Amino acid sequence: RPAADSSTPPSPSHVHGGGAGAACPLAPVSRMMKSKLAQYTFSEATYHSLLEILLQHVAVHASANPLQDNDSVTFHNASMIELIFELVCSETSAHSGKPMTGFHLRVLRDFESLLQKPCNREAFAAHQNWQQWLLALVSASKKHGSRSSERAVMAAVVRVLVLLFHHLMVGPCGARALSDFNCLMAHFEANGFLDGSEIRRRLNEGLLQAVSYDSAIRHRLPERGAVFANILEWLSFVEQSVFRFDAAPATRGTGAAAGEGEEAEGPEMHG
């Protein structure tokens, strides 16, 4: 766990922020590439080249994003994921005065698209430091960007977090990943790297919607028992009551009047 008195965000190489599966360390060739590339500015052209290696697909145009003309979005060289994000985070630290928000947003949007595929989510979450990478980008936008750019990066990071945590919830490591995330968030907040309240609110809202509307989970309910069914129904209720409460304000007023100011009783839970 990172030291509580650190004055800068901990290096992703020294923090375990995953817990989603086996470690996915850089291969010797990838480690050598990182040491060489770290000596130079991590440009968008370099990023696109690493993306080509990750996907085993060469873009039609030189220095172009290979996702623009690639129908296959499967990760083939997963060690490139760590290399890309380690270099992005290192670039943020080494060039603190340089605005990087636009580049960070493009990287996050690329991976949000790539993580729509379950096998890609599995490969990404197998890395130990994936949570650290994402929070480091939010921290950098807070420190060096405008308020609007910080919110844009935060929203992109939360969308990626929702995809990954939703994927992990149906596996054996979901609880561990959430626990690691809470510890990491506490460290970032304690040292003033970011304000975690908005991230938690958005993440919980996104996860609540994703789990509530996941038909695959619903199909497994007979295998999980009545308790799981009750929890899922409760999640659905909370999603509608808490995050969609402004849909019918007149109903709330009517209910309050009918109850003469008394609070309505909550739904009965059956376990």
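Predicted model: local features only at pLDDT ≥ 70, side-chain atom pairs only at ≥ 80, totals over all residues.
Helix 2 (residues 44-55) and helix 4 (residues 101-114) pack with their axes 12 Å apart, at an angle of about 15°. Helices here are DSSP runs of H or I with at least four residues, numbered from the N terminus; axes are lines fitted to C-alpha atoms over the stretch in contact, and angles run from 0 to 180 degrees between N-to-C directions. Angles under 35 degrees count as roughly parallel, so that's what helix 2 and helix 4 are to each other.

Who does the touching? Contact means heavy atoms within 4.5 Å. Helix 2 brings Glu44, Tyr47, Leu51, Leu54 and Leu55, while helix 4 brings Phe103, Arg106, Val107, Asp110, Phe111 and Leu114. Eight of these residues are nonpolar (Ala, Val, Leu, Ile, Met, Phe, Trp, Tyr, Cys or Pro), three are charged (Asp, Glu, Lys or Arg) and none are polar (the others, Gly among them).

Val60 counts as exposed because its relative accessibility is 62%, and the cut-off is over 50% (1.4 Å probe, protein chains only).

Residues are numbered from 1 along each chain as its sequence is written, and side-chain values use heavy atoms, leaving out hydrogens and water. The protein's mean pLDDT (the predictor's confidence in each residue, from 0 to 100) is 76.

Technical notes: Helix = DSSP H or I, 4+ residues; strand = E, 2+ residues; numbered from the N terminus. Parallel < 35°, antiparallel > 145°, perpendicular 65-115°, else oblique. Buried < 20%, exposed > 50% of the residue type's maximum accessible area, 1.4 Å probe, protein only.
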